[in-house]
Amino acid sequence: MDLLNAFVAFANFVLIPATAYGAQLALGALGVTLIYGILRFSNIAHGDTMAFGTMVTILVTWGLQGMGMDGIGPLPTALLALPVGIAACALWLLATDRVVYRFYRAQKAAPVILVIVSMGVMFVTNGVVRFVIGTDDQRFSDGERFIISARTFREMTGLEEGLAFRTSQGLTIVVAAVAVALLFWFLNRTRTGKSMRAFSDNEDLALLSGINPERVVMVAWLITAALATTAGVLYGLDKSFMPFTYFQLLLPIFAAAVVGGLGSPLGAIAGGFVIAFSEVTVTYAFRKVVSYLGPEEWSPDGLLQLLSTDYKFAVSFAILVIVLIYRPTGLFRGKAV
Amino acid sequence: MGGAASQRQAPGLLAEGPARTALLFGLVAVLFVGTGLTQSWNTTLAIFNMGLVSAIMALGVNMQWGYAGLFNIGVMGFVALGGLAAVLVSMPPVPGAWEAGGPRMILALLSGAATVAAAIAVQKRMPPGKLRAVAVAAVLVGGFVLYRALFDPARDAIEAVNPAQAGYLGGLGLPIVLAWPVGGLIAAGAAWIVGKTALGLRSDYLAIATLGIAEIIIAVLKNEDWLARGVKNVSGLPRPVPYEVDLQQSPAFVERVSGWGFDPVIASSIAVKLGYAGLFILVLVVLVAAAQAALNSPWGRMMRAIRDNETAAEAMGKDVTRRHLQIFILGSAICGLAGAMMTTLDGQLTPGSYQPLRFTFLVWVMVIVGGSGNNLGAVLGGFLIWWLWVMVEPLGQGLMGIVTAPMPDGSWLKAHLLDSVQYMRLFTMGLVLLLVLRFSPRGLLPER
């Protein structure tokens, strides 16, 4: 029986990675849920929006690295490039809104038409990203790799099990917390934020009280650009950047938004962590943790892994189905029925 | 669809009706013949055969979207299930593998299915409450443990049999044409599961659910080696048409094509492709005829009435969710059929090659461009967009060649631009989709 080592192993392989992943998903799902609340459609292009912002950030990072930068102290250079990525992503989203979405908004087209339109935008964004940066895996992290490495931790505590806390993971959690705090401050305290919530709750009433819908929509895209790029860059730093992976992130992100309740920002955050923790827990092989808990001879033969990691999408999907059956409006009572 | 739908077309050649249909099909035919004359007939036939398969996929999606307004973005999954059917039906059984773990595997799968069925039964029979939730969870957990206990050894035993060449159960060794309807059936089964959970909710939810099921199906195909060898691929599927080599060695064939003045090697390849084309055309014609008959029947009118106003249709006593489930299954089955045909044409199942952009979203472009709600439109879109998809690459290469011509050789930008031409496809398809949605939302052949 070795509770401490078991917990350290659990924290190392489940708790920390899932928290970081959950924060990334939450930021992505916030973008989806915001567009859903304001523009009232599910944006299929969201994964590729993330890829676009991340791509620009990577290019700027490479430029800075080429000029001889190697991280801002212990932090990755990409943090310095992030504002440029957000700005470029915002320009791209505003351009697509001006050229594509605005026409359908004026026509009051059905939401499903907008979903199909976003499919076209997805193709175009996808093509642009692949055209510029290709389809390969790209790494762009630099700076200090670990806050605590497994070895330092072992030396510090004298425990058998190591605990690694990567800079990218710590950074993800901090940046996501700051971003969410800013977002909620904006939505709850500022005039524009309040008008956005009013617009999301009741469009006609908001219009009657003199809220300018085009401005609300513009701000929604700007915030989405910031959230999507941040989420994409954090994910890229934590794992790596590959356009197709970002497209595939669409499923867990949507699952997070639906589980939390489409249109509910708080729900998107909760949904992100629910999905991330389930995904990591179900696909983690618990053999090591369990072997610390029991006497040596009880140590299990199998890996104690419920599902192989290749099936992580199945976890998002299963949670999605369960929520759709039992509570279609999501945990936080979103607007979709 | 969309508000601009009421725009009237200019009269004359482009007026709606049979003349427009004939003209547009004629134009697509000209594209294919032109490709044949300028490049090679062999290439053209290869494009044409995939065009036929694409047209059938588009028919399936058109049923779901055009007739009923259902948004399925998991086409890839149903297509891949069709491909799986081709392997399971046509490959010979692997000797040894069945003895090693076949019955155990079937028992494991049955226990998995029984677990789910039992959980659903408990859910339905017991009164709602905490006790029911606990009971359902207990059934699921117990069933899962049992399933894994049966499944894992069976899988390991099967995969240990001759892993380099086989390592899977193999198929039934039946003619591969039988796999086409079977592929449809398997896809229909998957569609039933998705439809049961996601239909009746918001349209976006069906989209997300189908997206998910498609990813899961591909993950299963990639990882379950015992089923169809996973990413090790199954190649050398039996064919419904003769092999080129056999034709080249047949004196009668060589004599005949030589008499016509053809090179036997090229002629054999063309003959094989024509054989596929004949089979595929047969399927397409039957499907289009059936789809047209269905669309014009009271059933088809009911479907469109439901699509245009669900509330009114429901008030008239139509069971909207049930009808939606019906057409969702039907459309997915057609995608499965097309998937089985495609794998037959390829002669191999390569799970790694299933990409959502190619198999889901491209089919959507076909339906929207061709004209949603119009079967002939979907067929037209299938041929046209497939041709474009194949041709954009050489066209883009030519264009990029001109653009980069003034740049010095060996420059970084020139190399990058020339390398990236292949991704122009996605960009072009997105552009085509957006332009059609904006300026001609009813597509090339609008619904009548």
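I began with charges over rings, and found B:R425 over the face of B:W389, 4.7 Å from the ring centre. For me a charge sits over a ring if NZ of Lys or CZ of Arg is within 6 Å of the ring centre and within 35 degrees of the ring normal. B:R358 gave another entry: its charged end sits over the ring of B:F359, 4.2 Å from the centre.

A note on the source: this is a predicted model, where local features need pLDDT of at least 70, side-chain atom pairs count only at pLDDT 80 or more, and totals for chains, interfaces and linings use all residues. Residues are numbered from 1 along each chain as its sequence is written, chains are lettered from A and ligands numbered from 1 in the order in which they are written, and side-chain values use heavy atoms, with hydrogens and water left out.

How are the rings of B:Y354 and B:F359 placed? Their centres are 5.2 Å apart and their planes at 40 degrees, so I logged the pair as tilted. (Rings of Phe, Tyr and Trp, the last by its six-membered ring, pair if their centres lie within 6.5 Å; planes under 30 degrees apart are stacked, over 60 edge-to-face, the rest tilted.) B:Y354 is buried, at 5% relative accessible area, and B:F359 is buried with 5%. (Buried means under 20%, exposed over 50%, partly exposed in between, with a 1.4 Å probe and protein chains only.)
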